[in-house]
Amino acid sequence: MEALSIFVKTKRKAAQLSQVELAAKAGVGLRFVRELEHGKLTLRMDKINQILKLFGYEMSPTLIERNNIML
């Protein structure tokens, strides 16, 4: 989650948004934005996507293949 927290924080700052403004625009709580930017490991994906969509991104499950064996 550290990469995600850095990504969101970087995008937010590039858009010149405060955490309060980002929360309002995304329709999530300020506490959620703070937890996301601090790398909390257990966050709701739907809320993460609400934030990411403001920047033109979305998270989704990705198939991982290990040694040609799909898990």
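**Close-up views of a predicted model**

View 1. Glu65 is found in strand β1, which covers residues 65–66; here helices (H or I, at least four residues) and strands (E, at least two) are DSSP runs, numbered from the N terminus. The model is predicted, so local features need pLDDT of at least 70 and side-chain atom pairs count only at pLDDT 80 or more, while totals for chains, interfaces and linings use all residues. Residues are numbered from 1 along each chain as its sequence is written, and side-chain values use heavy atoms, with hydrogens and water left out. With a relative accessible area of 51%, Glu65 is exposed; buried means under 20% relative accessible area, exposed over 50%, and partly exposed in between (1.4 Å probe, protein chains only). Glu65 and Ala3 are 62 residues apart along the chain, and their C-alpha atoms are separated by 21 Å.

**View 2. The whole chain and its confidence.** The protein chain contains four helices and two strands, and these follow the pattern α-α-α-α-β-β when read along the sequence. The C-alpha trace spans about 45 × 20 × 20 Å along its principal axes. Of the 71 residues in the protein chain, 28% are buried. Among contacts (heavy atoms within 4.5 Å) between residues at least 6 apart in sequence, 46% join residues at least 24 apart. The mean pLDDT, the predictor's confidence in each residue from 0 to 100, is 92 for the protein chain, and 93% of its residues reach 70 or more. Where pLDDT is low, the predicted coordinates should not be read in detail.

**View 3. Packing of helices α3 and α4.** Helix α3 (residues 30–37) packs against helix α4 (residues 45–54) at an angle of about 90°, and their axes lie 11 Å apart. Axes are lines fitted to C-alpha atoms, for helices over the stretch in contact, and angles run from 0 to 180 degrees between N-to-C directions. The two helices α3 and α4 are therefore roughly perpendicular to each other (65 to 115 degrees; under 35 counts as roughly parallel, over 145 as roughly antiparallel, the rest as oblique). From α3, the contact is made by Phe32, Val33 and Leu36; from α4, by Lys47, Ile48 and Ile51. By class, this contact has five nonpolar residues, no polar residue and one charged residue. Ala, Val, Leu, Ile, Met, Phe, Trp, Tyr, Cys and Pro count as nonpolar, Asp, Glu, Lys and Arg as charged, and the others, Gly among them, as polar.

**View 4. The largest nonpolar core and Phe32.** A nonpolar core is a set of buried Ala, Val, Leu, Ile, Met, Phe, Trp, Tyr and Cys residues joined through side-chain atoms within 4.5 Å. The largest such core has 15 residues, of which Val8, Leu22, Val28, Phe32, Leu36, Ile48 and Ile51 touch the most other members. Helices α1 (2–14), α2, α3 and α4 each contribute at least two residues to this core. When residues up to four places away in sequence are not counted, Phe32 touches Leu43, Arg44, Lys47, Ile48 and Ile51.

**View 5. Ala23 in helix α2.** Ala23 is found in helix α2 and counts as buried, at 4% relative accessibility. Its contacts are Val28, Gly29, Leu30 and Val33, with residues up to four places away in sequence not counted. Ala23 and Thr62 are 39 residues apart in sequence, and their C-alpha atoms are 27 Å apart in space.

View 6. Phi of Gln16 is near 55°, a positive value in a residue other than glycine. Gln16 counts as exposed at 71% relative accessibility, whereas Ser18 counts as partly exposed at 31%. From Ser18 to Leu63, 45 residues away in sequence, the C-alpha to C-alpha distance is 34 Å.

**View 7. Leu41 in the loop between α3 and α4.** Leu41 lies in the loop that joins helices α3 and α4. At 69% relative accessibility, Leu41 counts as exposed. Leu41 and Gly29 are 12 residues apart in sequence, with 17 Å between their C-alpha atoms.
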